[in-house]
Amino acid sequence: MRIVSVKQGTAPIASAIANAYIDFSKMTASIVAVTVEGEGGKQATGYGFNSNGRYAQPGLLAERFIPRLVEATEAQITRPDGKLSPAGAWNAVMKNEKPGGHGERSVAVGVLDMALWDAAAKLDGVPLWKLLADRFNNGAADPAAWVYAAGGYYYPGKGVDQLVEEMKRYLGMGYSTVKMKIGGAPGTPLKEALAEDMARIEAVVKLLGGDGSKLAVDVNGRFGLHAALTYAAALAPMGLRWYEEPLDPLDYSTHATLAEHYAPPIATGENLFSMQDARNLIRHGGLRPDRDILQFDPALSYGLVEYLRTLDMLALHGWSRRRCVPHGGHQFALNIAVGLGLGGNESYPEVFHPFGGFADDVPVRDSKVAMPTIPGIGFEAKNELFAVFKTLG
Ligand SMILES: O=C([O-])CC(=O)C(=O)O
Ligand SMILES: [Mg+2]
């Protein structure tokens, strides 16, 4: 087993959309191609990228992580059974990195980790979801993943009518649950912002036949406790699917206070980038294993090697994997959801292309999506994305 080459680039993922915290006008993503030579001289190239919301990490990749991967020894990156070991490669890449202060190195490492899993599955000649089910889930892959349509972004000039039209398109594509942004009127007095958001929410719930359980709302960490509780009181009677990132993602004890006052499901975790941060949320965030949703994104948080540690941590704390619905709407997390039996995966039918979205010919039916059977993560079955990887040469 040998790393033949690692190439990296930066691709735009910019658009005019905004959530309550940021706009995406300058958003970028790192892309990598990692070529590995396995048993019998067989070569495979795995691809990776970073999920939306964090920028490309060319410096960290070039200065620390790619050189360490290239210098990794055969013994370090080979499993006892002779196969590529993403966990061994992860250890080589993370050499001389102190614990804590995860910052955005978790994003850079996640890009390489994704490519290594893609390569490992290609060397084995199997789709990643199957490799994961066989190695870590007693061979028990789900036939499909539950997915929901995330959108409802703020966009210049977008009113309630356009929001409802957008959600109608998602229903037409086969999704039954949708998500929209709220809390995005900065500077507006709370009472007015709430009234405006309730009008937006009520219009979408009306489209959903009055069934609030088909709608999730996402604050992107914008609120303090007062605003989160004020919104919670208005949202509670609507029976929403979940109330997402109402608070700063690292403010665990405030989540615990909110959870004492808001009985329906809360979702968070997309901005927690390590097992240790996730564990602090579980220990101190007051979240409820019977209803709340954990959205750690393996691509942003040191990759699947770390995500496996997070799943082990959750099991130790009595949380089912079915409570995990990763952020990011990408094929990597979709493979993980199906192969490891998570609760589902996010999907972005209209934003973050070409990194968001799944293989080209797998339609969404009843909010479920099945997996392609080609080896690896399935990037070769998604033309627009594969064209971006091809620019790496
Ligand atoms: O708008 C974003 O940053 C993405 C997001 O929160 C989500 O997909 O849940
Ligand atoms: Mg979110």
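**Figure 1. Tyr252 in helix α9 of the predicted model.** Tyr252 belongs to helix α9, which covers residues 252–261. Tyr252 counts as buried because 20 C-beta neighbours lie inside 10 Å, and 20 or more is the number required for that class. When residues up to four places away in sequence are not counted, Tyr252 touches Asn280, Leu281, His284 and Gly285.

**Figure 2. Ala72 in the loop between α1 and α2.** The loop that holds Ala72 runs between α1 (58–71) and α2 (74–77). Ala72 is classed as buried because 22 other C-beta atoms are found within 10 Å. Apart from neighbours within four places in sequence, the contacts of Ala72 are Ile3, Ile77, Ala89 and Ala92. Asn91 stands 19 residues from Ala72 in sequence, with 9.4 Å between the two C-alpha atoms.

**Figure 3. The residues around ligand 1.** The shell around ligand 1 is formed by Asn19, Gly53, Ala150, Asp218, Asn220, Glu270, His327 and Glu346. Sorted by class, this shell comprises one nonpolar, four polar and three charged residues. For the complex, the predictor reports an ipTM of 0.99 together with a pTM of 0.97.

**Figure 4. The contact between domain 1 and domain 2.** The protein chain is split into domain 1, residues 2–125, and domain 2, residues 145–382. The centres of domain 1 and domain 2, taken over C-alpha atoms, are 25 Å apart. Across the boundary, 31 residues of domain 1 contact 37 residues of domain 2. On the side of domain 1 that touches domain 2, the elements giving two or more residues are β3 (43–49), α3 (86–93) and α4 (105–124). Of these elements, α4 supplies the largest share of that side, with 10 residues. The class composition of the side of domain 1 that touches domain 2 is 17 nonpolar, 10 polar and four charged residues.

**Figure 5. Strands β8 and β11 and the confidence of the model.** Which strand of the protein chain has the highest confidence, and which the lowest? Strand β8 (residues 266–268) is highest, at 99, whereas strand β11 (residues 368–369) is lowest, at a mean of 96. Over the protein chain, pLDDT averages 97, and 100% of the residues score at least 70.

**Figure 6. The protein chain as the setting of the close-up views.** The protein chain contains 13 helices and 11 strands. Along the principal axes, its C-alpha atoms fill a box of roughly 65 × 40 × 40 Å. Of the 393 residues in the protein chain, 50% count as buried. Among contacts with a separation of 6 or more, 72% join residues 24 or more positions apart.

Technical notes. Residues numbered from 1 in each chain as written. Chains lettered and ligands numbered in written order. Predicted model: local features only at pLDDT ≥ 70, side-chain atom pairs only at ≥ 80, totals over all residues. Near = placed C-beta within 6 Å. Nonpolar A, V, L, I, M, F, W, Y, C, P; charged D, E, K, R; others polar. Domains from an automatic or database assignment. Contact = placed C-beta atoms within 7 Å. Helix = DSSP H or I, 4+ residues; strand = E, 2+ residues; numbered from the N terminus. Buried ≥ 20, exposed ≤ 12 C-beta atoms within 10 Å, placed from the backbone. pLDDT = per-residue confidence, 0-100.
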